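Please look over the sequence and the structure shown below before reading on. The report that follows takes up a few local features and the surroundings of a ligand.

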Amino acid sequence: MDKFKILAIETSCDDTCVSVLENNQLINNIVISSSNKQNVFGGVVPELAAREHEKNIIEAYKLATKDLDNLNFSYVAYTNNPGLRVCLNVGESFAYSLAYLFNAKLLPINHIYGHIFSFANNLLPNEIKYPFLALVASGGHTTIFLVKSVKDIIVLNETSDDAVGEVYDKVARALNLGYPGGPKIDQLFDINKATIKFIHHYNKPEEHFSFSGLKTAVLNYINQLQMKKEPIDVVTIASSFQKEIVAMMIKKIKYYLDQNNLDILAIGGGVSANKYLQEELKKLNINHLYIPELKLCGDNAAMIAIYANLLINFLEHNH
Ligand code: KG4
Ligand code: ZN
């Protein structure tokens, strides 16, 4: 494979990210997050996030390139979809300008495919085993894929309502834990305190994920305590919620592993950082469990660079 350098840009949500990858090796991974500024609104405000990207993108680029000997990028990869349109636009126009400046090829990359392959840092393209099942669970997506190759990715199941991360954030908000809620609930989690059974509709494994029933059950439970002015046991509620939502994901994963006769699973997206989810997945009797490093679970540009690198390699070998 020819040697080449990739500059990658990711601005789909509230993190301004720039990364450089050279010869299959990640050089750096800069993330400037504005999530603390969105905190007060309980979620991401697109226009506010876009303005933060505009403020931060040059700084992120400077940090990502400050130690490089040269800027001879062969490719500028950037997230073009899915994401908040006003936020994507900032990264996209920056990528266009840089590609023009460096006479580099532009590579638009799907954010979700980046999450799927975020585990692949430090693996050479030919070390990844296919086919595998992938779960991407984030603030915007909960999707199970069958991944046959870098280019052949099929959706098997996706949420019909809220994404897992979104439910974590809403439950955390009701418990006054702040945003983003997933890491807070993860920290508080105690399996011995997961004693509440939230009643909600269980769908069949082959049906789409649906988390709004569990979300409503948890929020109603908290509301009722508040109305009756009874104390709210945050750890018990958070732990019971997490035990249930993780069980729902594990159930579907098991089903699709069996259905497709697979024993390799990859996870990605903010929720894949969850310690309890990872523990439960390790109990599955599978050959390979591909888990991204913690810093690559949430949004970052390294995963965009990693996917771009795999794609370039694939196209070079399949012409
Ligand atoms: O992938 P990500 O950084 O951004 C999106 O593309 O959405 O995911 C963010 C989501 C948030 O909803 C956050 O609460 C959740 O991932 N999250 C977690 C954990 N860390 C982040 N959820 C559960 N456990 C965690 N440790
Ligand atoms: Zn994401």
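## Cis peptide bonds

P131 is found in the loop between α4 and β6 (132-137), where helices (H or I, at least four residues) and strands (E, at least two) are DSSP runs, numbered from the N terminus. The peptide bond that leads from Y130 to P131 is cis, with omega near -10°. A cis peptide bond also joins Y179 and P180, with omega about -5°, and P180 has its place in the loop between α5 and α6.

## Basis of the model

This is a predicted model, in which local features need pLDDT of at least 70 and side-chain atom pairs count only at pLDDT 80 or more, while totals for chains, interfaces and linings use all residues. Residues are numbered from 1 along each chain as its sequence is written, chains are lettered from A and ligands numbered from 1 in the order in which they are written, and side-chain values use heavy atoms, with hydrogens and water left out.

## Positive phi angles

N122, which lies in the loop between α4 and β6, has a phi near 75°, a positive value in a residue other than glycine. N122 is exposed, with a relative accessible area of 56%; here buried means under 20% relative accessible area, exposed over 50%, and partly exposed in between (1.4 Å probe, protein chains only).

N23 is not a glycine either, yet has a positive phi of about 50°. N23 belongs to the loop between β2 (15-22) and β3 (25-33), and at 35% relative accessibility N23 counts as partly exposed.

## The shell around ligand 1

Ligand 1 is surrounded by 20 residues, of which the closest are G139, D169, G182, D186 and N274; a residue is near a molecule if one of its heavy atoms lies within 4 Å of it. The helices α4 (111-116), α5 (164-174) and α6 (181-188) each supply at least two residues of this shell, and the largest share, 4 residues, comes from α6.

## Contacts of ligand 1

A nitrogen atom of ligand 1 lies 2.8 Å from an N or O atom in the side chain of D186, and a nitrogen atom of ligand 1 is 2.9 Å from an N or O atom in the side chain of N274. An oxygen atom of ligand 1 lies 2.9 Å from a backbone N or O atom of G182. Taken alone, ligand 1 exposes 550 Å², and the protein buries 86% of that, with accessible areas coming from the Shrake-Rupley method with a 1.4 Å probe.

Key:
A polar contact is a pair of N or O atoms within 3.5 Å; within protein, one must be able to donate a hydrogen and the other to accept it, and residues adjacent in sequence count only if both atoms are side-chain atoms.
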